[in-house]
Each structure stands twice: as C-alpha cells, then as structure tokens.
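Me: I have a model open and would like to talk through it with you. Shall we take it piece by piece?

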Amino acid sequence: MREDFPPMDSNSSSGRPRARDLVMNHIHICLRFIELLVQMFRVLASRRRRVERTYELGYDKHRQIIHNLVYKSDETCYKMLRMKMKPFEKLRDMLYEHAKLRDKRCVLVDEHLAITLHILGHNIRNRVISTWFQRSGDTVSKVFRRTIRALIRLQRMLLKHPVPIGPEENDLRWSYFQGCLGAIDGTHIPIIVRNNQKARFRCRKGFPTMNVMCACTPSKLITYILPGWEGSAADGRILRDALSRRNGLKVPNDNYYLVDAGYSNCQGFLAPFRGQRYHLSEWASGKRPAQTPEEVFNMRHAKARNIIETCFGALKQRWVVLRSPCFYDVKMTTLIIIACAVLHNFLTMEVPDDLLDNVVVEGQELGAKDDASNEPPEVISQVGQTDAWTAFRNNLAIDM
C-alpha cells in the first residue's frame, strides 16, 4: 500500500535548505565583499589625489622651479646648490653618461642633482625639501639616495692615484720631502645614533661622531677616504684597517705620507718629532726661531701637512651636512661622506671637457695603460717602527 508524504518545508528545523538558498547566500556574501573592496579603493584613491594635489604639480611648474633655482643666475645657483651653473651642467652630464643616472617619470637628472646638492649644502630635512621642490617626501628620499649612489660611481674618475713629489717641485713647503705623496689625517663628523650605540661613537668632546680618515695631495685633491669608524677609535687603528683592506690605502715602499703625532713614525708614514714645538701657532710670532734640526723639521713638516687641515675646512665649509648632525643613519652617512669627497675633487680641479669622452674600464684606473709589463709596485701592508725609518727621519732633519 503506497503512502503519500507531504513535502518538507525548507525553513523547518528538521529539513535541509534548498540549493537555491545556498547559492543566494554565497552571492550575497560576494556582493558584500566587493562593496567593501570598492569602498577601500575609493579611500586610497582620494588620499592619493590629495597628496598629488598638495605636492605634485604639473611638469611645467616643476621645470619653472628648477629654472629659478639653477639656470636663472650664477649667484642664485651658488647660494642654493654651492656651485655655479657651468660646473652644475658638467656634473649633470657626467652623471648621465658615466654614472647611468636617468630620468624618472617627471623628475629629470638636473632635478635629481639639485635636490641632492641642496640637502648636502644646507642639511635640510626631507619635509622642507618636499615643500620647496613641491614633491612628496617619498619622491625626495628616493631621488636623494639614487643620486648619492650615482655620485659614488664617479669616484673612479675623480679619486685618482697621487703623484710623488719630484726634484722639480717649486713649492718650498714640499720641496724638502722628495717622494712624498701627500698628507693623512682624521676628522670627526657629527652623527645621530641610537642610545645603545652612543658609547661607541662618543668622541673625546662628549658627543657621537664618526672618525673619518682621509689622504690628500699637495693640490688639495682627496685620493683616499675611509668613513664608518666610531668616534672613539684611535687614528692608528683606522690606519691599520685601511692598509689591511683589499681595496684600501696603497703606499709604495719608496713613498710616504706626512702624518701628525697621533700616528706612529713608521715606514710610509712620516711623523714629527715628539717633545718639540710643532704647531704653526707656535712659530707665528717669530720671537723664537727654530734652533735645532728637530725644530726645523717640525716647522717644515707642519707647513706641508697643514694642507689636509685646509682640505677638511673646505669640505665642511661647503657641505653643511658634514659639520652638523644629519638626519640619516650610519650607513647612509657613510655614503654621504664619500659623495662629498667626490664633489670636492670635482670642484677643486678644473675638469677638462675631454674627460667626458674617456671610458673607465672596470678594474683599471682612469688613464692607466693596459700593459703587461707595468707590474704593480710593492706596497706597505703593516704599520711598525723600524730603525731604518727613524734614521731616515733623522737624516732628513739634518739635511734641512
């Protein structure tokens, strides 16, 4: 006997939901999710439009700002960027051709360079630069870091090997030091570090600094620079580290640098006599002239070695970022110091026009000849006092 059962209600507790109801529920969830995504994208788009409306102007407006800052007059260009128009244009071409610095969207190469030079020359915060150039803070940060690395890529062209003093030297300050390559000394650059690093970077004056070792020629050209060491590190320790690096300081056995009393008098590094008058201020009055060979040596040594102090003064006077704490971390500060050294050499020497036509081969210095017979000279690899070097200094003092 067949029995007819009534259909089960989908809303009853004992029955199962229909397939159509399941599909409708899924569709409702998907529509709600899409609505939330649309709202989120609208909020992001409104924020982006607000930023572009506040900072990002049109292309013509930005070019007008760069024209008024750089190409209007030499006086304005020098005050704002610390160099005149002609060196600015030449450096812009070098960055484009040899450092591979390219235009990014509406930011051209000259605006890259102008933003970077303005930060280095005045040590201004990112938000101030973004307001001045009408760019967002993210754009200014990217442009600055990109240009700093491009400037460092020019070091193979602008940081060259020194030439030793020869017998034809006309400068009386250096004519007594035959075979000398220049002078070496260290300088302290103020930095901002975390609280747990202040003890390591604190110098003898009580604030955090970075001890930077630098070597320069008699013509005030920097040939080697080593930033990154803490302000509490001794000059001799930094010199040993520079000699131990693979691409570090190279001093041939037949040449030497002039150093102050903070370094040891050893082969390759000629230091003054200790216990004798040395500083130029002690000889300025002229009431007590030099009486012994040691004092004569110290006086002439101080006059020649003072070139490195002049070099440090020119660096810090032009680039304010080196004489006041900058707003970057230690790693970025190291790159900034190297970039300032490259800019110093570029502005110190008159860069010839044919320099842009020379090609720098990887692994070779600019102007070096690819000749198998030119073997590299033997260089000094360690610092240590010897009787032969002490006798060399004594004989040099007697000859003076």
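Predicted model: local features only at pLDDT ≥ 70, side-chain atom pairs only at ≥ 80, totals over all residues.

Me: Which residue in strand 3 is the bridge partner of Cys214?
Reply: Residues are numbered from 1 along each chain as its sequence is written, and side-chain values use heavy atoms, with hydrogens and water left out. Strand 2 (residues 209–216) and strand 3 pair in the antiparallel sense over 6 bridges (two strands pair if DSSP finds at least two bridges between them; strands, E, of at least two residues and helices, H or I, of at least four are DSSP runs numbered from the N terminus). In strand 3, Cys214 has as its bridge partner Ile225.

Me: Which strands stand at the edges of the sheet?
Reply: The sheet is open, with 5 strands in the order 3-2-1-4-5 and mixed pairing. Each edge strand has a single partner strand, so one side of each is left without a neighbour in the sheet; these are strand 3 (222–230) and strand 5 (269–270).

Me: How many residues of strand 2 are buried?
Reply: Buried means under 20% relative accessible area, exposed over 50%, and partly exposed in between (1.4 Å probe, protein chains only). In a regular strand the side chains alternate between the two faces of the sheet. Here Thr209, Asn211, Met213 and Ala215 on one side are buried, as are Met210, Val212, Cys214 and Cys216 on the other. The count for strand 2 is therefore 8 of its 8 residues.

Me: What angle does the direction of helix 11 make with that of strand 1?
Reply: Good one to look at next. Axes are lines fitted to C-alpha atoms, for helices over the stretch in contact (heavy atoms within 4.5 Å), and angles run from 0 to 180 degrees between N-to-C directions. For helix 11 (residues 293–318), which packs on the sheet, the angle with strand 1 (180–190) is about 50°.

Me: Which residues does one salt-bridge network join?
Reply: A salt bridge is a side-chain nitrogen of Lys or Arg within 4 Å of a carboxyl oxygen of Asp or Glu. Arg305 and Glu309 meet in one (3.5 Å, N to O), and both lie in helix 11, 4 residues apart. Arg305 is buried at 8% relative accessible area, whereas Glu309 is partly exposed at 33%. Salt bridges that share partners make one network of Asp185, Arg305 and Glu309.
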